[in-house]
Every structure is written in C-alpha cells, then in structure tokens.
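Please open the structure in a viewer and keep the selection tool at hand.

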Amino acid sequence: MDFEKQRKNLVSIIQSKGISNERVLEAMLAVERHKFIPKAHWAEAYDDYPVPIGEGQTISQPYTVAFMTELLDVETGQKVLEIGTGSGYQAAILACLGAQVFTIERIYTLYQRTSKLLKELGYQQIKTFYADGTEGLPQYAPFDRIIVTASGQLQQTFLDQLVVGGLLVAPIDDGGMGSTMTRITKVAENDYITERYPGFSFVPLVKGTR
Ligand code: SAH
C-alpha cells in the first residue's frame, strides 16, 4: 500500500471540506496515521472515518482532528493538555506543530500501549498520564491550550487550568446523540468567549479510571 499517496489524497479531501491552515495540513501530511491503528484496519487508515482502536474506543475522523487542531491554533513551544490520549494520533499532530504535549488516558491498556508507541516513534515532547482527565493536570497547570477528545459536559477544571488568553476546544454533549464542538477563549479571569460548531460525534468523556 502506498501510504504516502493515500495521505496526500486524504489531506486534499480535508482541504476540500474547509480546512485551510497550512501548518495543520502539513502536520496531517507528515504524521503516519496507520501507525496509530491496529494492522487489521490499515486498509482504512487514510479514509476520512474514525477507526476502532480497542476497548470500545476510536481514533477520531481525520477531518475532525484537523478541525479541532485548526481551532486550537497552537504555536511552537506552547503547553498543550489533551484529555483522551486514545491512539496517540492527535497528540502526535500537536507535537508536530511544536507543542509540549501532556496527554491523559483513563483506560490503562490504552495508556500503556500508546505510551510505548509514542516512545518508539520518538515523540519526546509528549508526556502521557494514566488518570481521570476530568480533573485535568493540576501539577502542570496552567496550559496555553486544552483539547478534549471525548464528549461530555464542560468541566470548570479545564477553564481553571487555562492561562488567560488561552484556548479550550472540546466537544460538548448536545442533549441528543451528537456533540457541539466548542471553542472557549479565556479573555480574563472569569471572562470567556464561546464559539459553537454543531454536528460532531464522539465517544463519551467518562469519569474515573479503569
Ligand atoms: N485523541 C484520541 C481520541 C481517542 S477517543 C486519538 O487521537 O486517538 C477518546 C479517548 O478518551 C478514549 O481513549 C477514552 O478512553 C478517553 N477518555 C474518555 N474519558 C476520559 C477521561 N475522563 N480521562 C481521560 N481519558 C478519557
């Protein structure tokens, strides 16, 4: 399989769906998504769909990863907190953009597998944590950016652990089956700007670990 060619094709599909940030598109071109999913699904690695990664979880749809990354507007050297490590793909995209990534996973087997993979792939700027991400990571806070890759309610913890001027991107349950992608800018302490983009679908944000 010519993965590089498939990746180029995927990036042009994502571009045609409205993603225009060059740095985001370059990161999507650079990170080898197939390495983050089980071999049994490699044939679908560069289709614009989520793929099962075990434990009932999925690696997000590439368009969704691109959309969230574009909203997150990461600059080189920034501290970024990710809730929901999963396959490690989103973390790798953020690292590719020059971020210092702190990523939390609540399922031990995924945490273990992905920590090993990221080490093997040489992502030294990604730190993995096994914990309940709804509590954030107080010992490393505040963060310039926070990205949540599972859907739930907005957690005050996340807003508390964001720098003034920082951005939070999170899918919020819409009350039905879907999620509304939400970007919150912390303009000042207790002063926020919220932007909403409906029509997404995610695995749930679950409290506790297992
Ligand atoms: N960013 C991931 C998406 C994986 S799906 C990727 O690129 O592959 C979302 C992940 O969030 C799942 O692995 C799920 O176990 C995890 N998750 C859900 N609730 C969580 C919580 N409270 N804390 C940490 N991780 C959580």
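Begin by selecting K35, F36, I37, P38, S87, R113, T114, K116, L117 and E120, which line the second largest pocket. The volume of this second largest pocket is about 170 Å³. Its lining comprises 4 nonpolar, 2 polar and 4 charged residues (Ala, Val, Leu, Ile, Met, Phe, Trp, Tyr, Cys and Pro count as nonpolar, Asp, Glu, Lys and Arg as charged, and the others, Gly among them, as polar).

The model on the screen is predicted: local features need pLDDT of at least 70 and side-chain atom pairs count only at pLDDT 80 or more, while totals for chains, interfaces and linings use all residues. Residues are numbered from 1 along each chain as its sequence is written, and side-chain values use heavy atoms, with hydrogens and water left out.

Rolling a probe the size of a water molecule over the atoms shows where empty space is left. On a 1 Å grid over the protein atoms alone, a pocket is an open set of points with protein on both sides within 12 Å along at least five of seven lines, a cavity is a set of points where a 1.4 Å probe fits but cannot get out, and lining residues have an atom within 4 Å of a point. Grid points are joined across faces, edges and corners, and a volume is the space filled by probe spheres set on the points.

Next, select Q57, T58, T149, A150 and V203, which of the 36 residues lining the largest pocket are the closest to its centre. The largest pocket holds about 560 Å³ of space. Colour β2 (57-59), α3 (62-72), β3 (79-83), α4 (89-96), β4 (100-105) and β9 (191-200), for each supplies at least two residues of this lining. Helices (H or I, at least four residues) and strands (E, at least two) are DSSP runs, numbered from the N terminus. The lining of the largest pocket has 16 nonpolar, 16 polar and 4 charged residues.

Now turn to the cavity. How many cavities of 30 Å³ or more does the structure hold? There is 1. The largest cavity contains about 30 Å³ of space. Strand β7 (residues 162-173) gives the largest share of the lining, 3 residues. By class, the lining of the largest cavity has 8 nonpolar, 3 polar and no charged residues.

The next stop concerns helices. Two packed helices are described by the angle between their axes and the distance between the axes. Select α1 (residues 3-16) and α2 (residues 22-30): their axes come within 9 Å and cross at roughly 150°. Helix α1 is therefore roughly antiparallel to α2 (angles under 35 degrees count as roughly parallel, over 145 as roughly antiparallel, 65 to 115 as roughly perpendicular and the rest as oblique). Axes are lines fitted to C-alpha atoms, for helices over the stretch in contact, and angles run from 0 to 180 degrees between N-to-C directions. Show the side chains of R7, K8, V11, I14 and Q15 in α1, which meet L25, M28 and L29 in α2; contact means heavy atoms within 4.5 Å.

Finally, inspect two features of the backbone. Most residues other than glycine have a negative phi, and most peptide bonds are trans. The peptide bond from A141 to P142 is cis, with omega near 5°. P142 lies in the loop between β5 (126-130) and β6 (143-148). D73, although not a glycine, has a positive phi of about 50°, and D73 is in the loop between α3 and β3.
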